[in-house]
Amino acid sequence: MGRTLSEDDAPGKAQLRQAAKALTADGFRFENGGVEPLRAFRPFRRLTGVKIRPADMNDAPSIWRIIGPVIRAGETYALDPDMTEADALADWLGDDRETFVAEADGEIIGTYYIRANQAGGGKHICNCGYMTAAAARGRGAARAMCQHSLDYARRRGYRGMQFNFVVSTNTRAVALWKSLGFEITGRLPEAFHHPKLGYVDALVMFRALHEAGAQL
């Protein structure tokens with residue numbers, strides 16, 4: 001059977017965590033309510049030449065510029081919108097996952113992580129989370145990251161990918177995951193409290209990474 005993800009497969013993780021801690025320990029803060037915006041992209045231009053690579057210790061500021069606004073908005077992830085930069089980075093760059101960044105036009109415009117969805121008998125299924133910079137949304141960044149994660153998951157020996165908590169009102173994400181072969185396998189009624197829409201459903205979405213009955 002193929003090998004699943006382990007902490008030993010993530011060189012430089014300790015250094016990256018140290019960089020994340022130093023980001024706030026030194027009193028560093030971004031402008032505009034905690035987030036410095038990315039350089040503006042040309043409107044309506046599809047991103048080309050997106051490069052996806054493992055995150056390194058120098059990426060912490062760019063990762064925060066992406067995940068910070070999403071967390072603060074509180075509309076798509078079940079994360080505390082008031083969590084600190086250090087806590088957010090510690091979560092996104094945690095020991096239980098590998099974190100990647102997507103680059104285009106000389107900017108980091110997206111980030112994702114991959115990890116085992118469960119321990120023990122469930123570790124052959126992986127879970128991912130993706131966030132894209134506002135200026136790059138709708139331009140192919142999330143699709144590129146998901147396609148990269150699917151290929152990476154297969155190489156790691158995972159037999160499926162599961163999204164545990166897709167907010168149903170995040171219709172762009174739901175449509176994208178469906179177009180990439182994910183199916184809605186469960187619905188959690190009013191499981192998410194949307195800051196503008198109130199209580200809304202959350203979806204469980206799944207895609208197999210092997211043919212039924214095949215042994216990896």
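Tutor: Residues are numbered from 1 along each chain as its sequence is written, and side-chain values use heavy atoms, with hydrogens and water left out. In this predicted model, local features need pLDDT of at least 70 and side-chain atom pairs count only at pLDDT 80 or more, whereas totals for chains, interfaces and linings use all residues.

Student: Why is the pair of Trp92 and Tyr113 called edge-to-face?

Tutor: Rings of Phe, Tyr and Trp (its six-membered ring) pair if their centres lie within 6.5 Å; planes under 30 degrees apart count as stacked, over 60 as edge-to-face and the rest as tilted. The centres of Trp92 and Tyr113 are 4.8 Å apart and the planes stand at 80°, so the pair is edge-to-face. Both residues are buried (under 20% relative accessible area, with exposed over 50% and partly exposed in between, for a 1.4 Å probe and protein chains only).

Student: What makes the pair of Phe100 and Tyr112 stacked?

Tutor: Phe100 and Tyr112 lie 4.9 Å centre to centre, with 10° between the planes, and the pair is therefore stacked. Both Phe100 and Tyr112 are buried.

Student: How do you know that Arg97 lies over the face of Tyr113?

Tutor: A charge sits over a ring if NZ of Lys or CZ of Arg is within 6 Å of the ring centre and within 35 degrees of the ring normal. Arg97 lies over the face of Tyr113, at 4.3 Å from the ring centre.

Student: Why is one side of strand E1 and of strand E6 left without a neighbour in the sheet?

Tutor: Strands E1 (51-54) and E6 (183-194) stand at the edges, each with a single partner strand, so one side of each has no neighbour in the sheet. Two strands pair if DSSP finds at least two bridges between them, and eight bridges join E6 to the antiparallel strand E7 (residues 198-208). Strands (E, at least two residues) and helices (H or I, at least four) are DSSP runs, numbered from the N terminus.
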